[in-house]
Amino acid sequence: MAFFLGIDIGSFSAKGILLRDRSVQASFSCLSGGDYRGTAQKVRDALLSGAGMSPSEISHVTATGYGAKQVLFADGEKPDITCQGRGVAFLLPSARTVIDVGDLYSKVLRMDSAGHVHNFILSGKCAGGSGRLLQIMAKVLQVNLEDIGPLSLNSRNKVDFSTGCVVFSESEAVSLIAEGVSREDLLAGVHRALAAQIHSLAERVGIEEELVLTGGGATDAGLIMALEHSLKIPVRVPPEPLFTAALGAALLAREKALPRGA
């Protein structure tokens, strides 16, 4: 039985998937930190240790993500967009539009049932259209990042959060809090603002159901609700939405190593 490894080194977190043929044998994630080479090694070692394997037993390794070039033991690398498409299609073959809300960028892509991407767009250089905005808000409000989604669902009053740039988002949040705005209402406003920016991106690509959300934003219940309200269609979240690119990389590693049709 052949084994394949996919490693996704993002700017915020690193993920790895170990496949045995087409079945997930193990997964692992950790913060990327500043040493991408060391982090890649940490991901591989954790996966192999958990499976009781040695590096020589891996048939092929594919790297993707912001730090893909630092995965020195990889046999090849693939763009994040390509890996996202393959990973999502493997889990949800009916998906046609994918929104990936990452740390630095949000991406929207259109694909077919095989996960081949036909069109895509990335948010601008300003991280106000990405998950970084949510991290800033968690820091300002002194709450855990995983808590901001549930908190926002308790909002009772609509608040407009106008800043789309993380440089000014902190000061705007502080001003709103000083005016007596609750954390819940502020976070709901932030989610609506981010959803509006993502909606604008999606319209430029063209939205086709079924729509799937991946990345760190897919773990935020407040953002999911805001996107569904803005887009007016259901938003599906795959199992382990942080791992879809790593899964796609592992699947592409398998395609590279095995004869066509195997």
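**Exercise 1. State how many residues line the largest pocket and which lie nearest its centre.**

*Solution.* The largest pocket has 43 lining residues, and Lys15, Val101, Gly102, Asp103 and Gly216 are those nearest its centre. A pocket is an open set of points on a 1 Å grid over the protein atoms alone, where a 1.4 Å probe fits, with protein on both sides within 12 Å along at least five of seven lines; lining residues have an atom within 4 Å of a point. The model is predicted: local features need pLDDT of at least 70 and side-chain atom pairs pLDDT 80 or more, whereas totals for chains, interfaces and linings use all residues. Residues are numbered from 1 along each chain as its sequence is written, and side-chain values use heavy atoms, without hydrogens and water.

Next, the volume of this pocket is about 930 Å³, taken as the space filled by probe spheres set on the points. By class, its lining comprises 18 nonpolar, 16 polar and 9 charged residues.

**Exercise 2. Identify the residues that line the second largest pocket.**

*Solution.* The lining consists of Arg22, Arg86, Ala89, Phe90, Ala114, His116, Leu251, Arg254 and Glu255. Of these, 4 are nonpolar, 1 is polar and 4 are charged. H2 and H8 each contribute at least two residues. The volume of the second largest pocket is about 180 Å³.

**Exercise 3. Locate the aromatic pair and classify its geometry.**

*Solution.* The ring centres of Tyr36 and Tyr66 are 6.1 Å apart and the planes stand at 85°, so the pair is edge-to-face (centres within 6.5 Å, planes over 60 degrees apart). The pair links distant parts of the chain, 30 residues apart: Tyr36 belongs to helix H1 (residues 36-51), and Tyr66 to the loop between strand E4 (58-64) and strand E5 (76-77). Helices (H or I, at least four residues) and strands (E, at least two) are DSSP runs.

Then consider accessibility. Tyr36 is buried at 17% relative accessibility, whereas Tyr66 is exposed at 57% (buried is under 20%, exposed over 50%, with a 1.4 Å probe and protein chains only).

**Exercise 4. Describe the setting of Asp8.**

*Solution.* Asp8 lies in strand E1 (residues 3-9). With 6% relative accessibility, Asp8 is buried. Leaving out residues up to four places away in sequence, Asp8 touches Ser13, Ala14, Lys15, Thr64, Gly65, Ala245 and Ala246 (heavy atoms within 4.5 Å).

Technical notes: Rings of Phe, Tyr and Trp (its six-membered ring) pair if their centres lie within 6.5 Å; planes under 30 degrees apart count as stacked, over 60 as edge-to-face and the rest as tilted. Ala, Val, Leu, Ile, Met, Phe, Trp, Tyr, Cys and Pro count as nonpolar, Asp, Glu, Lys and Arg as charged, and the others, Gly among them, as polar.
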